[in-house]
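Thanks for asking me to look this one over. My notes follow as numbered points, with the two chains taken in turn.

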Amino acid sequence: MIAALGTLIRRELMLAFGLGGGARGSAGFVMPIIFFLAVATIYPFAVGPDAQLLGRTGGGVIWVAALLASILPIDRLVQADVDQGMIDQYVVRGLSEELIALAKTIGHWLSFGPPLMLAAVISAGLLGQSAEQLMIVEIGLACATPALAALGVMIAALTAGLRHGAALGGLLLLPLAVPLLIFGAGSLTPGSQNGLLLLAAASLLLTVICPIAAGAAIRAGRE
Amino acid sequence: MAQDAAISKGFDANSFDGGAALACTGLACLRGGRMLFRGVTFNLSAGEALHVTGPNGLGKSSLIRVLAGLLPAYAGEVTATGRMALADEKVALDAGQPLARALMHWTRLDGSADADVTGALAGVDLAHLADVPVRFLSTGQRKRALLARISLSRAGIWLLDEPANGLDTASIARLGMLMERHRAGGGIVLAASHQPLPLDGAQTLPLADFVPAPEAEEPA
């Protein structure tokens with residue numbers, strides 16, 4: 001079971017990082033990161049170069065950008081594998097849909113979370129964040145990105161096979177990710193240490209529940 | 001065939017543990033409010049083969065999916081001893097990966113050695129394309145790659161849905177050889193096809209006999 005999980009994750013990473021030319025377009029992990037940096041880049045153009053204003057609001061912008069960036073990979077996470085018959089083959093081999101979803105969540109997080117946290121360093125510089133603020137953002141992203149990845153896989157499983165599934169995916173993800181945004185951005189307010197704890201709790205809950213829901217969705221989608 | 005000899009020497013991916021068996025009784029399948037078939041009963045033991053025949057749209061693929069556990073049976077029971085390998089119209093090989101590497105994803109899951117891939121590819125005459133990405137393969141070559149995946153699966157029960165589709169005469173002969181070797185090793189082949197298959201001594205199951213008449217249909 002663990003060996004199978006490893007094999008599945010290995011394939012997810014190979015596809016995400018475009019090793020050997022992934023079926024999902026080479027190096028699919030880059031697009032969300034570029035999008036994330038683009039949002040951070042255009043924000044100062046919109047509000048002006050006031051360092052104080054940027055410093056106060058920049059953390060929130062990083063969080064909004066992270067949320068929006070997590071929408072981009074949704075459409076390629078499950079649909080392609082259903083179309084290709086990969087999921088059927090896993091199931092015939094006795095792998096549960098939940099295990100498949102878990103492998104996809106871990107693989108997706110590895111190709112999304114750490115690159116996003118690296119890009120957040122650049123964003124923090126662009127948005128005039130102090131070192132302390134950057135530290136809180138990074139801790140927050142470390143807590144929240146597993147939940148964002150799990151939500152992405154769950155919504156990808158729910159919308160696989162639907163027309164306009166990609167657009168619907170974005171609409172579904174945003175409300176579900178609101179707790180992460182509130183606690184994540186809220187933790188940046190000086191003197192509110194509980195934000196990170198609540199963020200970690202919300203993230204843990206989503207990370208545990210989402211693969212189970214995603215597995216059920218994949219199973220239901222086979223009918 | 002010299003190639004054949006090389007395969008039987010170095011490549012023994014057909015091996016699996018224990019004798020395979022596949023039986024079902026009174027199997028029925030309801031899809032979209034329509035009873036596709038009912039009362040399908042057969043019993044296959046090691047080395048036997050079953051050719052499910054019938055025109056398109058009768059429910060041959062659904063029967064295979066029910067047997068594979070991918071669709072729930074409306075009624076009846078499936079008893080299988082041994083693992084199953086499924087070949088349907090989906091190749092399940094990553095289009096961007098070189099053929100050999102795409103197959104290795106499955107050998108890792110099925111517990112066969114990476115080295116077996118070479119032998120399996122030779123068995124379907126694709127050894128020269130091992131490094132070519134799957135997306136550049138033709139329809140017939142994809143189908144043969146799929147057969148390589150099946151022969152690597154170490155599964156006792158082969159469920160083949162239209163295995164001869166898109167294959168030329170030589171490839172159909174190779175398919176016959178693969179199935180024969182699998183059965184000689186104690187495996188079971190269940191193939192659904194509207195066309196004749198190179199399956200010597202196989203039982204046939206004309207699925208049309210199990211399709212209920214419209215008035216006999218049960219309410220959904």
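1. In chain B, 3 strands make an open sheet, ordered 2-1-4, and their pairing is antiparallel. Strands here are DSSP E runs of at least two residues and helices are H or I runs of at least four, numbered from the N terminus; two strands pair if DSSP finds at least two bridges between them. Strand 2 (34–45) and strand 4 (75–81) of chain B are at the edges with a single partner strand each, so one side of each has no neighbour in the sheet. From one strand to the next the twist averages 15 degrees.

2. A word on the source: this is a predicted model, in which local features need pLDDT of at least 70 and side-chain atom pairs count only at pLDDT 80 or more, while totals for chains, interfaces and linings use all residues. Residues are numbered from 1 along each chain as its sequence is written, and chains are lettered from A and ligands numbered from 1 in the order in which they are written.

3. Back in the sheet, strand 1 (residues 21–31) of chain B pairs with strand 4 of chain B in the antiparallel sense over 6 bridges. B:Leu22 has B:Ala80 of strand 4 of chain B opposite. Helix 2 (residues 60–67) of chain B lies across strand 1, strand 2 and strand 4 of chain B, at about 120 degrees to strand 1 of chain B. Angles run from 0 to 180 degrees between N-to-C directions, and axes are lines fitted to C-alpha atoms, for helices over the stretch in contact.

4. Is B:Asp161 buried or exposed? B:Asp161 counts as buried because 22 C-beta neighbours fall inside 10 Å; the cut-offs are 20 or more other C-beta atoms within 10 Å for buried, 12 or fewer for exposed, and partly exposed in between, with C-beta atoms placed from the backbone. This residue lies in strand 6 (residues 157–161) of chain B. The C-alpha atoms of B:Asp161 and B:Ala191 are separated by 5.8 Å, though the two are 30 residues apart along the chain. Leaving aside residues up to four places away in sequence, B:Asp161 touches several residues, including B:Lys60, B:Ile64, B:Asp88 and B:Ala192. Contact means that C-beta atoms, placed from the backbone, lie within 7 Å.

5. Turning to chain A, the axes of helix 3 (residues 51–69) and helix 8 (residues 165–186) of chain A come within 10 Å and cross at roughly 155 degrees. That makes helix 3 of chain A roughly antiparallel to helix 8 of chain A; angles under 35 degrees count as roughly parallel, over 145 as roughly antiparallel, 65 to 115 as roughly perpendicular and the rest as oblique. Among the residues that meet are A:Gly59 and A:Trp63 in helix 3 of chain A and A:Leu174 and A:Ala177 in helix 8 of chain A. The contact of these two helices has 6 nonpolar, 3 polar and no charged residues. By class, Ala, Val, Leu, Ile, Met, Phe, Trp, Tyr, Cys and Pro count as nonpolar, Asp, Glu, Lys and Arg as charged, and the others, Gly among them, as polar.

6. Helix 7 (residues 131–159) of chain A also packs on helix 8 of chain A: their axes come within 9 Å and cross at roughly 155 degrees. Helix 7 of chain A is therefore roughly antiparallel to helix 8 of chain A. Their contact divides into 12 nonpolar, 6 polar and no charged residues.

Conventions: Contact = placed C-beta atoms within 7 Å.
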